[in-house]
Amino acid sequence: SCTKETLDIKLQSDKWRVEKLKKSDDTQFIKAENSYFLEFTSDSSFTLRLDANRCEGNYQIDGEGSISVSNLWCTYNCCDTEYALDFVRLIRTVKQYQIKGSKLVLEGQGEIELKK
């Protein structure tokens, strides 16, 4: 069985690449065809790299396995894929996290699976 671990400084030294995501109304995960990244840049902020744009926001660990995201904003240079936009929408709803080896799973109104 998988156990939830506390997010720690190791997250800040790695870029997490999106492997797949699943919206709440989807029955299956959809694999990422492009490279999308989540990087924790401090103990309270993060950045997202999309197709053409970049986003920044804040996060807070609310307890073991519990996380909240706030103040998320993105540049708008045009042309991000629908997949990238779904990634941003799902990040906004994240409430829980799990670390499974080299994978990070974020859950909210769907799931995002990322790998170091």
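Me: Why is the disulfide of Cys 55 and Cys 74 called right-handed?

Reply: The torsion about the S-S bond of Cys 55 and Cys 74 is about 100°, and therefore this disulfide is right-handed. The two cysteines come from distant parts of the chain, with Cys 55 in strand β5 (residues 54-63) and Cys 74 in strand β6, 19 residues apart. Strands here are DSSP runs of E with at least two residues, helices are runs of H or I with at least four, and both are numbered from the N terminus. The model is a predicted one, in which local features need pLDDT of at least 70 and side-chain atom pairs count only at pLDDT 80 or more, while totals for chains, interfaces and linings use all residues. Residues are numbered from 1 along each chain as its sequence is written, and side-chain values use heavy atoms, with hydrogens and water left out.

Me: How do you know that Cys 55 and Cys 74 form a disulfide at all?

Reply: A disulfide is a covalent bond between the sulfur atoms of two cysteines. The criterion applied is a pair of cysteine sulfur atoms within 2.5 Å, and the S to S distance of Cys 55 and Cys 74 is 2.0 Å, so the pair meets that criterion. The structure holds two disulfides, and the other one joins Cys 78 to Cys 79, again with the sulfur atoms 2.0 Å apart. Counting bonded cysteines along the chain, the pattern is 1-2, 3-4.

Me: Which of these cysteines are buried, partly exposed or exposed, and how is that decided?

Reply: A residue is buried under 20% relative accessible area, exposed over 50%, and partly exposed in between, using a 1.4 Å probe and protein chains only.

Me: What is the phi of Cys 78 and of Cys 79, and where do they lie?

Reply: Cys 78 has a positive phi of about 95° although it is not a glycine, and Cys 79, also a residue other than glycine, has a positive phi near 75°. Cys 78 is placed in the loop between β6 and α2 (82-92), and Cys 79 has its place in the loop between β6 and α2 as well.

Me: Why is the lining of the largest cavity described by class as it is?

Reply: The lining consists of Leu 38, Phe 40, Phe 46, Tyr 59, Ile 67, Val 69, Ile 91, Val 94 and Leu 106. Ala, Val, Leu, Ile, Met, Phe, Trp, Tyr, Cys and Pro count as nonpolar, Asp, Glu, Lys and Arg as charged, and the others, Gly among them, as polar, so the lining has nine nonpolar, no polar and no charged residues. Strands β3 (37-40) and β6 (66-74) each supply at least two of the lining residues. Ile 67, one of the residues in strand β6, has 4% relative accessibility and therefore counts as buried.

Me: What makes the link between the side chains of Ser 45 and Thr 41 a polar contact?

Reply: A polar contact is a pair of N or O atoms within 3.5 Å, where within protein one atom must be able to donate a hydrogen and the other to accept it, and residues adjacent in sequence count only if both atoms are side-chain atoms. The side chains of Ser 45 and Thr 41 make such a contact at 2.9 Å, and a polar contact of 2.9 Å also joins the side chains of Ser 45 and Ser 42. Ser 45 lies in strand β4 (residues 45-49), and its relative accessibility of 19% is why it counts as buried.

Notes. 1 Å grid on protein atoms, 1.4 Å probe; cavity = no way out; pocket = protein on both sides within 12 Å on 5 of 7 lines; lining within 4 Å.
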